[in-house]
Amino acid sequence: MQRILPGLIWWILWILSWLPGFILRFFSSLIHAFTFLFFRYRVEVVEENLSQSFPSLTPNERAQIAGRFYRHFSELFLEIILLTRLNTSKWSHRLQCSNPEVLAESLDRKQNLIIVGGHFGNWEWDVPVLLASGYRVIAVFKPQTSEFADQLMHKIRQKTGVTLVPMKDTLRVVARELKEPGSPFALLLVADQIPARDDIRFWTPFLNQDTAFFTGAEKLATRFQLSVYYLEQYKLGFGSYRATLSPVYDGKSMTAEGEITRTFVNLLEKSIQATPHLWLWSHRRWKYRREEVHLPV
């Protein structure tokens, strides 16, 4: 039953995905009412994160951001459902790319890329942007604590045609892909997750506080000479986004340790400061303090 249930839920979601947009928006309003108004889902976490990140804002201004975040958060569930019937050729009205020539030119040169993003906008929709360009997509994921949720999301993501790679296997898979002949790939990393305490190797200022970040994208880029781009999403409305790619590293230049990661962090921070409600504020991002974690010698 444990293996059958995710497949059954997937089919239910597929059926729901065909509902008209106004009904899906109605369902998102119900989700908003339950998560925010009734159950107060992680309200304390959201308030603390906003308070630490934007101390100069008034409590009322932070409350407005929180309210808009929960509205966006409730819409994410319904937008993710739409992935169950993804057809990249028909998604131009849902997901536009403001500079598609970046990917087109790289693909013409048969360049493999690393695409980094954050839990910003609808990060699950980063994949269609890359697929529409003609790139083969390899997406790195961090297994979820719930086995059921992990299996369900795995099934939804695989429907898009993406190759899913557990985080621990990233280096091995990239090295293998580079050795084997094939069409160019875009390695997709949602790179703002908090590392486990024992995996913390790098700290940098982010949203008014010292923050630990993974440096996997940087290590892969410098080791295999891969260009890195930051993918930002701007929400136009329910189920509608515009994506923009910004260069992080050209794959060739000499670079100081940490520079690639800091460039990504700075770009993500600017995105959040411009439209703060689109970031995942309910995430317990700052579990650890720098003074509490000793970096390995």
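K110 has a relative accessibility of 63% and therefore counts as exposed, where exposed means over 50% relative accessible area, buried under 20% and partly exposed in between (1.4 Å probe, protein chains only). The residue lies in the loop between α5 (101–108) and β2 (113–117); helices (H or I, at least four residues) and strands (E, at least two) are DSSP runs, numbered from the N terminus. Along the chain K110 and S183 are 73 residues apart, while their C-alpha atoms are separated by 7.4 Å.

The structure is a predicted model, in which local features need pLDDT of at least 70, side-chain atom pairs count only at pLDDT 80 or more, and totals for chains, interfaces and linings use all residues. Residues are numbered from 1 along each chain as its sequence is written, and side-chain values use heavy atoms, with hydrogens and water left out. The average pLDDT of the protein is 89, and 90% of the residues score at least 70; pLDDT is the predictor's confidence in each residue, from 0 to 100. Among the elements of the protein, the highest mean pLDDT, 98, belongs to helix α10 (residues 259–274), and the lowest, 67, to helix α7 (residues 147–159).

The largest nonpolar core contains 81 residues, of which I114, I115, V116, L187, F206, I272 and W281 touch the most other members. A nonpolar core is here a set of buried Ala, Val, Leu, Ile, Met, Phe, Trp, Tyr and Cys residues joined through side-chain atoms within 4.5 Å. Helix α4 (residues 59–81) supplies the largest share of this core, 9 residues. Apart from this core lies another, of 6 residues, which include I194, I200, W203 and A212. In soluble globular proteins, nonpolar side chains tend to be buried together. Not counting residues up to four places away in sequence, I272 touches F54, F120, F206, L207, W279 and W281, contact being defined as heavy atoms within 4.5 Å.

Helix α4 also holds E79, which is buried, with a relative accessible area of 0%. Leaving aside neighbours within four places in sequence, the contacts of E79 are N122, W125, K235, G237, F238, G239 and Y241. S17, in the loop between α1 (4–16) and α2, is likewise buried, with a relative accessible area of 0%. With neighbours within four places again left aside, S17 is in contact with I81, L82, T84 and R85.

Two residues other than glycine were examined for their backbone angles. Most residues other than glycine have a negative phi, and most peptide bonds are trans. R42 is placed in the loop between α2 (21–38) and α3 (43–53) and, at 30% relative accessibility, is partly exposed. S17 and R42 are 25 residues apart in sequence, and their C-alpha atoms are 27 Å apart in space. N208 is also not a glycine and has a positive phi of about 75°. The loop between β6 (203–206) and β7 (209–212) contains N208, and this residue is exposed, with a relative accessible area of 55%.

Helix packing was then considered. Two packed helices are described by the angle between their axes and the distance between the axes. Axes are lines fitted to C-alpha atoms, for helices over the stretch in contact, and angles run from 0 to 180 degrees between N-to-C directions. The axes of α2 and α4 come within 8 Å and cross at roughly 125°. This makes α2 oblique to α4, since angles under 35 degrees count as roughly parallel, over 145 as roughly antiparallel, 65 to 115 as roughly perpendicular and the rest as oblique. The crossing of α2 past α4 is right-handed; a crossing is right-handed if the near helix is turned clockwise from the far one by less than a right angle, and left-handed if anticlockwise. On the α2 side, L24, F27, S28, S29, I31, H32, T35 and F36 meet G67, Y70, R71, S74, E75, F77 and L78 of α4.

The axes of helix α9 (residues 216–224) and α10 come within 8 Å and cross at roughly 130°, so α9 and α10 are oblique to each other. The crossing is right-handed, and E218, A221 and T222 in α9 meet E259, I260 and T261 in α10. Helix α8 (residues 170–179) packs with α9 at an angle of about 30°, the axes being 11 Å apart. Helix α8 is thus roughly parallel to α9. Contact between α8 and α9 is made by T170, L171, V174, A175 and L178 of α8 and by L220, R223 and F224 of α9.
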